[in-house]
Amino acid sequence: MDEHFSGFGAYVLYAITTAMMIFIMAPLLLVMAVSVSDSYFVTFPPQGFTLKWYFKVLGDRDFLEAMRLSILLALGTTAGSLLLGVPASFALVRGNFFGLAAIKGFLLSPLIFPALVTGLALLQVLTKLGSQDARLNLLIGHIVVTSPYVIRTVVTSLQLVDENLEDAARTLGANRLWTFWRVTLPQIASGVAAGGLFAFMVSFDNYPVTMWLANSEYSPVPLVLMRQLVNVFDPSVPAMSTIIILMAMVGVLLLEKLVGLRRALAA
Amino acid sequence: MTSDDAVAVVGAPPETRQGSRWRLNLPAGLLALPMLAFLAYFFFYPAIRLLFSSIQTQNSQGIIGPPFTLAHYARLIDVELYARVFWTTLRISLITSALATLLAYPVALVMVKSRPLVTRIITLIVIAPLVVSVVVRGYGWQLILANGPKGMLNWILMTLHIVDGPVSVLYTEKAVVIGSLHVFFPMMVLPLASALGKIDRNLEDAARVLGAPWWKVFLRVTLPLSMPGFVAGFTLVFSLTAGSFVIPAILGGASAIMLGNLIEQQIFVVYDWPFGAAIAVVLVGVVFAVNGFSMWLLEGRRLRRPS
């Protein structure tokens, strides 16, 4: 134990920390436990063991369709927010012009704006424009919300790039694009990947924007899950939830591998 | 160690950064244009429009236009039900951020000052749920807090004979606070841990050597120096809770409706766009006020120096 903590204070700190760890894990573990419960109603404590709810979920057309839609939407969102966010990050780090700070503030502003209101405002404009395609509307809405995440991670990693290496490449005759591709990009790759992964995860889980722009034909996973939660009382909802939890965990482990979690989030 | 230090080590000194680099400043700036244009059209413009429709009138065909009026805002104050939703939202957000602060300090301290393995485990546990769908987490709490003897909390309490009959937590403000605390707790821990990690440990050691007990070291040295992290975290948790929809919808039921749920109801159920827009503007106003205040605190460096 660190010499920073000693005596009674240390016990208080460790007790609260342990309690919070249990608090954080409890709902997730419970959902997973209930999903293998061999009972037609969700009860505590869970009884028996079965995987039948997983078979039921994996045969559920609505859920699978929502899954497919959500993954496609999240992929499109990732591509879109990287295409907009990476060049913009470059401008913010390398540019030197009047109003740079203001532009940065503007580009990051969707982060502090309540997403619920972002979605509502967008719905009003898209309706006015007559845009009926829920898929396109969702894509636009999700990119608005996720692109600032890309800015945050890419700007951080760009600030760490050694510009002397770029100069060396230039001196040796590489043009700007080639320099970017072979020298700069490898150095910011983890930041770009983290930003992309963030965009994917935020899009996949987004409710407050999705709720306004989806329609009955195109309902991504969070909406379907919310609907099921109200209407279905067997453990297929915990089974769906567990599938989503496991997917999320893979995402987190990837993020941890790519950049280290603290750095990815603290930026 | 921190990314700031890394910038100092790796980055070139300011004068060479400005100097004869191959990059041109203006073209570099142009790279921001696509995103600027995108956000201007799909974020900024819609927000302005929303603001406008909140002071306009909706006719019987559902078309929004003049005359201009502040009636929708007045309604939010005058109608007791709506005013109550407003105060409920503020109360839940405030209690959630206060609780998050109290509980995040110990966690962040342990996270920053423990052995690497402990730090890593705590970090993973704090962050992992962040990527799990909020709907799933709300559902988990619904199962734990479920009213009646089948809920996990009640089962535990009754098995341990702490209570005789089941307690009712689900569909109350308490449930919403618990769920929001769960969802937004990382937003408090991470800035706090980052602020605590930047504190020069010599300062704390000095206080200790001079005979201060641990709580005095914390109160007089650590706490004041961690204020930037606290302000950032508090602002984040407050803003996110105030603007949330899913957790109150799942855990609050009819008795703890928040502004977000009221907006959704006004638009999707009542089709009252101007009123829905007005509530949204009020929500944004509250969030911006809190953010502005914390920015003022942080940028004025009013918090950096321990008194």
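Begin by selecting L107(A), W212(A), F185(B) and I263(B): within the largest nonpolar core, which has 159 residues, these four touch the most other members. The helix α10(B) may be highlighted next, as it gives the most to this core, namely 13 residues. Please note that the structure on screen is a predicted model.

Now centre the view on L107(A). Setting aside neighbours within four places in sequence, L107(A) is in contact with A88(A), L92(A), P148(A) and I151(A), and also with M35(B), L36(B) and L39(B) of the other chain named here.

The next stop is a pair of helices in chain B. Two packed helices are described by the angle between their axes and the distance between the axes. Select helix α6, residues 80–113, together with helix α15, residues 259–268; their axes come within 8 Å and cross at roughly 145°. Show the side chains of Y82(B), V85(B), F86(B) and T89(B) on α6(B), and of L259(B), L262(B) and Q266(B) on α15(B), for these residues make the contact. Sorted by class, this contact has 5 nonpolar residues, 2 polar residues and no charged ones.

Finally, turn to the loop of chain B between α9 (152–159) and α10 (173–197), where H161(B) is placed. Most residues other than glycine have a negative phi. H161(B), although not a glycine, has a positive phi of about 60°. Is H161(B) buried or exposed? With a relative accessible area of 67%, H161(B) is exposed. Select Y171(B) in the loop between α9 and α10 as well. Y171(B) is likewise not a glycine, yet has a positive phi of about 65°. Its relative accessibility is 38%, so Y171(B) counts as partly exposed.

Conventions:
Residues are numbered from 1 along each chain as its sequence is written. Chains are lettered from A and ligands numbered from 1 in the order in which they are written. This is a predicted model: local features need pLDDT of at least 70, side-chain atom pairs count only at pLDDT 80 or more; totals for chains, interfaces and linings use all residues. Side-chain values use heavy atoms; hydrogens and water are left out. Helices (H or I, at least four residues) and strands (E, at least two) are DSSP runs, numbered from the N terminus. Buried means under 20% relative accessible area, exposed over 50%, partly exposed in between (1.4 Å probe, protein chains only). A nonpolar core is a set of buried Ala, Val, Leu, Ile, Met, Phe, Trp, Tyr and Cys residues joined through side-chain atoms within 4.5 Å. Contact means heavy atoms within 4.5 Å. Axes are lines fitted to C-alpha atoms, for helices over the stretch in contact, and angles run from 0 to 180 degrees between N-to-C directions. Ala, Val, Leu, Ile, Met, Phe, Trp, Tyr, Cys and Pro count as nonpolar, Asp, Glu, Lys and Arg as charged, and the others, Gly among them, as polar.
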